Amino acid sequence: MRYEPTDQPVMTFTTGPVESYHEVMHGLGSRIVYDFDMSFLKTYERVSEKLRPLVKSETMPVILHGEAVLGLESAAVSLIGSDDVVLNLVSGVYAKAYEPWLARNGAEIIEIRVPYDDIIDPAAVAKALRDRPDITVVVICHHDTPCGTINPIEEIGRIVAEHGAFYVVDAASSFGAMQADAESCKADVFLTGPHKVLGCPPALSIVGVSERAWAKMEANLLAPRGSILSILDWRDAWRSDRLFPFSPSVAEINGLDAAIDRHNREGNERVHARHALTAKACREGVKAMGLKLWPLDEKFAAPTVTAVRIPEGVDDARVRQEIRLRYGLLISPGRSETMGKLWRIGHMGIVAQPINMLAAVVALGHTLNAHGYRCDVAAGAAAVMATIDAD
Ligand SMILES: *Cc1c(COP(=O)(O)O)cnc(C)c1O
């Protein structure tokens, strides 16, 4: 059997956006109430309040009405002024892509850059802060999704806090699947989006801001105001006695409401354990087939994405296309610098179930065999099952 490219995938092992949870779909289908009606103002306030214990920011998390890139750009251009010296910690594609936003208001940008299969060394951050005591802002991506690697945001957060710089953390594709919150890493700006682990469609940004970061933004004459890019305009929008600067995404708020309830019903710990076991099953299966993981050290492989090195001489696009058309499975390619070097099996949200990795691993290994690269598919399948059974 063959699927048509226009048929919907059977399973979506992408790295976000991901398929929505059924409960989220139900929430999205709720009645659309006029946004300034007290019933919706109260819903919005309640959703913000429910987010707070997950984000653990000093002040109420701000919801911005565009997917997570809006939060990243908005926070960067609001926080950073012309006199700032920004240390950008680059271990992947996303972190590098922040640079134009960090630099937009004229700040000096210093970079620590490591190969994209490695992570940032906290000692290197400590040294950079000693060498340049005038650094005012440090920026890091927790899980650089195009690499499937996790940076040590808590250890680096302690170093940054000691130095006194503002700490900006993008946790878009780790938040919800592992410990990642503003408090534990001492972030002044903590960014995420509900379209990854929480299983919502792409449409919203979530930003947790510290008191002193708000003060810095308020004082920054270059921070956008009266603009779609303004986070300051939305600071108090969670309060039911305040008006929205412009129409919020009503349906998406209803979806987020359902997503948080679903997450809380399952419980943080169980959600984390489910993602961790799914990731482990995937890694064990991939390795047992004779393939190599992309991260230099498996210790920093992400719980939400397994990045696999593409073996020499194998056609990246053809393999992915075959997996899609023969088995209906969607996996992600690399992105920009990692394109053609790795595949990414995404396992976040609804598809993060260990048994699903059997399909992903076997389909990948089997397809590679058809392309002349020898994979021990039976060993891969056995390793997935053994990992699940051992838990
Ligand atoms: C997904 C993601 C974002 C949001 O960007 P997209 O356009 O949804 O890809 C930002 N940062 C990271 C690390 C992400 O994984």
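The model is predicted. Its helices α12 and α13 cross in a right-handed sense. The contact between α12 and α13 comprises V319, E322, I323 and Y327 on the α12 side, together with A363, L364, H366, T367 and L368 on the α13 side.

**Crossing of α12 and α13**

- Helix α12 spans residues 316-327 and helix α13 spans residues 356-370; their axes come within 10 Å and cross at roughly 115 degrees.
- The contact of α12 with α13 consists, by class, of six nonpolar, two polar and one charged residues.

**Ligand site**

- Around the ligand there are 14 residues, of which E67, Y94, T145, D170 and K196 come nearest.
- Y94 places a polar side-chain atom 2.5 Å from an oxygen atom of the ligand.
- In the side chain of K196, an N or O atom is 2.8 Å from an oxygen atom of the ligand.
- For S173, the distance from an N or O atom in the side chain to an oxygen atom of the ligand is 3.3 Å.
- On its own the ligand has 370 Å² of accessible area, and the protein covers 91% of that area.

**Backbone geometry**

- Most peptide bonds are trans, and most residues other than glycine have a negative phi.
- The peptide bond that joins G16 and P17 is cis, with omega at about 0 degrees.
- P17 belongs to the loop between β1 (11-13) and α1 (22-28).
- K56, a residue other than glycine, has a positive phi, near 55 degrees.
- The loop that holds K56 lies between α2 (38-55) and β2 (62-64).

Notes: Residues numbered from 1 in each chain as written. Predicted model: local features only at pLDDT ≥ 70, side-chain atom pairs only at ≥ 80, totals over all residues. Heavy atoms only, no water. Axes fitted to C-alpha atoms, helices over the stretch in contact; angles between N-to-C directions. Helix = DSSP H or I, 4+ residues; strand = E, 2+ residues; numbered from the N terminus. Left-handed = near helix turned anticlockwise from the far one by under 90°. Contact = heavy atoms within 4.5 Å. Nonpolar A, V, L, I, M, F, W, Y, C, P; charged D, E, K, R; others polar. Near = heavy atom within 4 Å. Polar contact = N/O pair within 3.5 Å; in protein donor to acceptor, adjacent residues only side chain to side chain. Areas by Shrake-Rupley, 256 points an atom, 1.4 Å probe, with all protein chains shown as cover.
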